[in-house]
Amino acid sequence: MSIKERFKVIISDLDGTLLNNEHQISDYTKTVFQQLHDEKYLLIVATGRHHLDAMPLLEDLGCSFYLVTSNGARIHSPTKELIYSFDIKSEAIKSILDLDIDSEFTTVLFKEKVWQTNKENKKLNSFQTIMNYPFEIVDFKTVKDLSAIKLFFTHNEHHKLLELRDEIMKDHANEFHSAFSLPFCLEFMDKSVDKSVAITKILEIENHTFEQSIAFGDGFNDERMLISAGKSLIMENAVESFKNKFPQLEVISSNEKDGVASYLSALLLS
């Protein structure tokens, strides 16, 4: 079976993978994805970002695609129709926030139209080239409805996030799973939510399988997605601990060098 016969699905993470360091998609990447679309490949973008945040970044990709956001808590069809959603219950999030987490951590709840946080964080704000998904500073102790798409914490020191993760998971492993989308972003999702689970739903709709997919990622929230795919690639810019965890996977050129588009062009379009 030829490469083109074997693979029918392209799956890509967004930050650190499809986006360059300016949080944009290059013209070259757009051209390659338009060609892949014309060749009838099924395209899926899977990100930890909220859909209101991700959609403007992909607006001029120039082709249709499925969008998995918030690490699998939302799926939008190529026509931008919401076809799957899952929210964490208020009580579950309250049980974490009741641990009296130190204020040195930036705490964030992804709501449907706004993200709530305990303080402004310029580093997080810089990820939005268009402020389509606004933030709201709140005192979480006074918020009555804590239900959310996703909960996460950010801190400049990775080891402090590791300590926080261990403290939270000690009593919450049955309800949540955690992942680092970036070394400074510790994310908590419901146990049932993951990029790979959402992608499976899409593949079932389109009568394809993970075995027919090529997947690209750079972070620990891509882990199950990469394990599941027929062929998986890790970005050169991924942290060493992530690359070392999957020594069997090929490392390709960085996001800044259009690694995904260059690889796909050579493999499928040449």
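This is a predicted model: local features need pLDDT of at least 70, side-chain atom pairs count only at pLDDT 80 or more; totals for chains, interfaces and linings use all residues.
## Ground rules

Residues count from 1 along each chain as its sequence is written. Local features need pLDDT of at least 70 and side-chain atom pairs 80 or more, while totals for chains, interfaces and linings use all residues, and side-chain values use heavy atoms, leaving out hydrogens and water.

## Strand β1

Let's start with β1, residues 9-12 (strands are DSSP runs of E, at least two residues, and helices H or I, at least four, numbered from the N terminus). Val 9 and Ile 11 point one way, Ile 10 and Ser 12 the other, and all are buried (under 20% relative accessible area, 1.4 Å probe, protein chains only).

β1 runs parallel to β2 (residues 42-46), with four bridges joining them; strands pair if DSSP finds at least two bridges between them. Ile 11 has Ile 44 as its bridge partner in β2, and Ala 215 in β12.

## A cluster of rings

The structure holds seven aromatic pairs (Phe, Tyr or Trp rings, the six-membered one for Trp, with centres within 6.5 Å; planes under 30 degrees apart are stacked, over 60 edge-to-face, the rest tilted). Phe 110 and Tyr 133 are edge-to-face, because their ring centres sit 5.5 Å apart with planes at 85°.

Phe 110 also makes an edge-to-face pair with Phe 152. Phe 110 is in β6 and Phe 152 in β9 (residues 150-154), so this pair ties together parts 42 residues apart in sequence. Ring pairs link Phe 110, Tyr 133 and Phe 152 into a cluster. Tyr 133 is buried, at 1% relative accessible area.

Definitions and conventions. Buried means under 20% relative accessible area, exposed over 50%, partly exposed in between (1.4 Å probe, protein chains only).
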